[in-house]
Amino acid sequence: MNPEKEKNLKALESGEILSREQWKSLIKDPTKEDARIFAEKACRIRDRQYGKRVFIRGLIEFTNYCRNDCYYCGIRRSNCHASRYRLTGEEILECCRSGYELGFRTFVLQGGEDPYFNDERMTEIIRTIKKEFPDCALTLSIGEKERKSYEAFRQAGADRYLLRHETADDDHYRLLHPAEMSLRHRKACLYTLKELGYQTGAGFMVGTPGQTADTLAADMEFLQELKPEMVGIGPFLPHHDTPFRHQPAGDVGLTLYLLSLVRIMLPDVLLPATTALGTAAQNGREAGVLAGANVVMPNLSPGNVREKYLLYDNKICTGNEAAENLRDLSSSMSAICYETVTDRGDHKKFI
């Protein structure tokens, strides 16, 4: 490791707020040795904070309708080839019941920004889930809303909210999203979620078109400022029905390196080894855990819709991604000396 990178790494470990240039020095041109050192540090920190435990979340992808037209996303509104679906409230509840029997104590409701699921419908779904499963945590991942909506969801019982910022650089954000969307509003939503007491998740894709060491440094600056309880990072993977269909996929090695960097920066963070990582590389999620991650989200969605929630091509929808094969996932984690646990797995500040 070069002296400048080593110096900045020590500054990060000591809790210092890094400048844009310091972040760039840490991110730019990582060697295999850099990646090894970062991963070892990240794992020591994660093991100290949470032990050798990987938290399992039950993912329920309940709608693939979306009002947005993000250029990288397979369920963007202008994709006329997408096979659209919505789960009913009872179907969502059945997914939770199946997951509960398997031992899950966190459910993640994820969907596009679907106007059908307005505040009234969402609060009813949240209340119903929390009434039947009061010992479970409920995470929402349903995009940008106004403060009153987030307040209503929180009062109904939602515990956590995932909202990737995607990029913290304005120019890069405009390259990835249509004009009606703004980074300013996305960031405002994240700060609102923090204020309302959600365990809040941000994050970004690695390798999106136009991404540079400078934009990645901006991402890390923003995460250090926001201090989210959860951070989702995965490689960019193209979808054949988007404007980015011919763009190359993001680099798995860089994704793992940045996972380690996030863990070093935010020792208590809940850090998923994402489905995208498992799609991009064989044993990708196991590699994510060995880089510092401590969350995995198997799919609890009904089997007949799993292949319809395609944000990118070749998403893993069978095998370990299915909740029915939770035993296989546990075995694969056991093989790298980690234990899957199905308790709530709250951030340490919320225990």
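Are Tyr-150 and Tyr-161 buried or exposed? Select both: Tyr-150 is buried, and Tyr-161 is buried too. Keep in mind as you click around that this is a predicted model.

Stay on those two for a moment. Their ring centres sit 5.0 Å apart with the planes at 75 degrees, so the pair is edge-to-face, given that anything over 60 degrees counts as such. Colour by secondary structure and you'll find Tyr-150 in helix H6 (residues 147-156) and Tyr-161 in strand E5 (residues 160-162). The two are eleven residues apart, and the pair links distant parts of the chain.

Now zoom out: the structure holds eleven aromatic pairs. For another one, pick Tyr-116 and Phe-117, whose ring centres are 5.1 Å apart and whose planes stand at 90 degrees, so this pair is edge-to-face.

Next, some charges over rings. Select Tyr-65 and look for Arg-86, which lies over the ring face at 3.9 Å from the centre. Then jump to Tyr-50, where Lys-348 lies over the face, 5.6 Å from the ring centre.

Last stop: highlight residues 48-274, which UniProt lists, in an unreviewed entry, as "domain: Radical SAM core". That span is 39% helix and 17% strand, and its end C-alpha atoms lie 22 Å apart.

Terms used: Residues numbered from 1 in each chain as written. Predicted model: local features only at pLDDT ≥ 70, side-chain atom pairs only at ≥ 80, totals over all residues. Heavy atoms only, no water. UniProt positions renumbered as here; feature names shortened; annotations may be inferred. Helix = DSSP H or I, 4+ residues; strand = E, 2+ residues; numbered from the N terminus. Phe/Tyr/Trp six-rings, centres within 6.5 Å; stacked < 30°, edge-to-face > 60°. Buried < 20%, exposed > 50% of the residue type's maximum accessible area, 1.4 Å probe, protein only. Lys NZ or Arg CZ within 6 Å of the ring centre and 35° of its normal.
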